[in-house]
Amino acid sequence: MRTLNTHAGQQPTTPAVPVANLHVGRGLKLEGKIQSCDSLVIEGDVQATIESGTLTITETGEVRGDATVDEAEVNGRFDGSLVVRKCLTINATGRVTGTVRYGELRIEQGGQISGEIQAEDAKPASRPAVKAPESIETRDLTGSERAASIR
């Protein structure tokens with residue numbers, strides 16, 4: 001860590017941590033993996049695996065792939081697997097298709113979402129317990145037999 005010189009009575013300061021922003025402009029195509037981004041803005045065409053703080057897809061932006069982000073705002077198109085830990089906002093021109101997990105969901109009139117959609121804190125519905133008929137013979141099973149009988 002680097003400390004800057006100060007005048008009497010002032011606290012030393014450390015340099016600010018650089019912010020990692022990426023902007024994929026209109027007309028650009030990008031394929032690959034994007035990670036450790038604080039803010040990602042997509043106006044072009046992206047096919048990638050994305051790990052980012054915030055994801056913004058503009059009206060001209062198209063994304064195909066897998067994304068795990070803190071927050072997302074979609075004005076363009078997203079197709080794939082999307083996990084948004086906090087808030088997913090789909091504006092009027094936004095289209096999201098695929099497997100979607102979110103903490104909070106906001107959809108403006110005209111926005112579309114389709115596919116397998118689930119709130120992050122929601123748990124899949126559990127199946128009711130099935131009671132075995134009394135005519136079935138029971139016996140003591142070994143660990144591997146028990147595992148095989150459960151499947």
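A disulfide is a pair of cysteine sulfur atoms within 2.5 Å, and the structure turns out to hold zero of them. The model is predicted, so to speak of local features takes a pLDDT of at least 70, side-chain atom pairs count only at pLDDT 80 or more, and totals for chains, interfaces and linings use all residues. Residues are numbered from 1 along each chain as its sequence is written, and side-chain values use heavy atoms, with hydrogens and water left out.

As for the cysteines, Cys-37 is buried at a relative accessible area of 10%. Buried here means under 20% relative accessible area, exposed means over 50%, and partly exposed is in between (1.4 Å probe, protein chains only). Cys-87 is buried too, at 8%.

Now to the sheet. Seven strands make up an open sheet, in the order β1-β2-β3-β4-β5-β6-β7, with parallel pairing. At the edges sit β1 (21-24) and β7 (112-119), each pairing on one side only. On average, neighbouring strands are turned by 20 degrees against each other, direction ignored. Strands are DSSP runs of E, at least two residues long, numbered from the N terminus, and two of them pair if DSSP finds at least two bridges between them. Axes are lines fitted to C-alpha atoms, and angles run from 0 to 180 degrees between N-to-C directions.

Between β2 (residues 29-42) and β3, which run parallel, there are eleven bridges. Leu-40 stands opposite Leu-55 in β3.

Thr-58 belongs to the loop between β3 (45-57) and β4 (62-74). Thr-58 is buried, at 17% relative accessible area. Beyond its neighbours within four places in sequence, Thr-58 is in contact (heavy atoms within 4.5 Å) with Val-41, Ile-42, Glu-43, Asn-75 and Gly-76.

Terms used:
Helix = DSSP H or I, 4+ residues; strand = E, 2+ residues; numbered from the N terminus.
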